[in-house]
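Please work through the following exercises with the sequence and the model at hand. Each task is followed by a stepwise solution.

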Amino acid sequence: AVLILLGPPGAGKGTQARMLEDSFGLVQLSTGDLLRAAVAAGTEAGKAAKSVMESGGLVSDEIVIAILRDRLGEPDCAKGVILDGFPRTAVQAEALDALLSETGQKINAAISLEVDDDAMVTRVAGRYTCGGCGEGYHDTFKQPKVAGTCDKCGGTEMKRRADDNAETVASRLAAYHEQTAPLIAYYDGKGVLQKIDAMGQIDAVAEGLAKIVKTAA
Ligand code: AP5
Ligand code: ZN
C-alpha cells in the first residue's frame, strides 16, 4: 500500500505516521527525517539543504526526489509505505506517479490532515523528540510517563529541531499554502483524496485515520 499524509507543519503527520507504522506494519517515509539525516551526515545534499531548512523554505525538488527515490527502493519499503511530508510540490507529485508506475504500485489514499494555522505554532514550538528512537513528544500535549525518559526506548537524550521556532513556522506555513495545498485538488482529481479533522486529540485522530487506512489499504 502507498499512503500519503498531507498537512501543514505541526498537523501531526509524523506522530500519526509512526502510529500507523506500529499498527499496520507499514514503513514511515519522512523526507524531513531523511533530509535531517543528510544534514547531520554532511552529504552534498545535506549541505545544500541545511540553510533552506533553517529558513523554513522548501528544499529543491531535485534533491528531495533523489533522496525519496533511493529510500523507496530499499527492500523494507515493499511491504507498504506512509509518505510523510512528500510530495510537497506539483513536480514532486508527478515524480512520485512516475516512480510508482515503474514499480507497478498505486496510491491507495492521500489523506489531508485539516487543522487551523493558529494552533500549529503552539504544536511546533512545544515539540521535542527522543534522540534514541525518534519518538515525538510535546511539552503540553504528549509528555512521556516519566519526565525526560522516552516511553518507547528508555532513552534520556531529548532533542529540539533547529527550525522549530515561531519565525520559521510562519515561513513553513506560507510554503505549505503556496506549494503543497494545491496537491489536495490534484489527489481529489485522481479519486484518492480523504480528509480528516486533525484538531482533536492525538488518539482521536489516530482512530479516524485507522478507519480510512483499513478501507483504503
Ligand atoms: P518536515 O520534517 O516534513 O516538517 P513539517 O512539514 O514542517 O512537519 P512537522 O514535522 O513540523 O510536523 P508534523 O505534521 O510531522 O507534526 P508532528 O507529528 O511532529 O520538514 C522540515 C523541512 O524539511 C521543511 O521545512 C523543508 O525545508 C524540508 N522538506 C521536507 N520534505 C520536503 C519536501 N518534500 N520538499 C521540499 N522540502 C522538504 O506534531 C507536532 C507536535 O504536535 C508534536 O510535538 C506532537 O506531539 C504534537 N501533536 C501531534 N498531533 C497532535 C494533536 N492532535 N493534538 C495536540 N498535539 C499534537
Ligand atoms: Zn526513544
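The model is predicted: local features need pLDDT of at least 70, and side-chain atom pairs count only at pLDDT 80 or more, while totals for chains, interfaces and linings use all residues. Residues are numbered from 1 along each chain, ligands are numbered from 1 in the order in which they are written, and side-chain values use heavy atoms, without hydrogens and water.

**Exercise 1.** Determine where Cys 130 lies and whether Cys 130 is buried or exposed.

Step 1. An unreviewed UniProt entry places a "binding site" at Cys 130, Cys 133, Cys 150 and Cys 153; such annotations may be inferred rather than shown by experiment. These positions are spread over 24 residues of sequence, yet their largest C-alpha distance is 8.6 Å.

Step 2. Cys 130 belongs to strand S5, residues 127–130 (strands are DSSP runs of E, at least two residues; helices are runs of H or I, at least four).

Step 3. Cys 130 is buried, at 2% relative accessible area (buried means under 20%, exposed over 50%, partly exposed in between; 1.4 Å probe, protein chains only).

**Exercise 2.** Describe the polar contacts and the shell of ligand 1.

Step 1. An oxygen atom of ligand 1 lies 2.5 Å from a side-chain N or O atom of Arg 127, and one lies 2.6 Å from a polar backbone atom of Gly 57 (polar contacts are N or O pairs within 3.5 Å).

Step 2. Helix H1 (13–24), helix H2 (31–41) and S6 each supply at least two shell residues; H2 gives the largest share, four residues.

Key
Polar contact = N/O pair within 3.5 Å; in protein donor to acceptor, adjacent residues only side chain to side chain.
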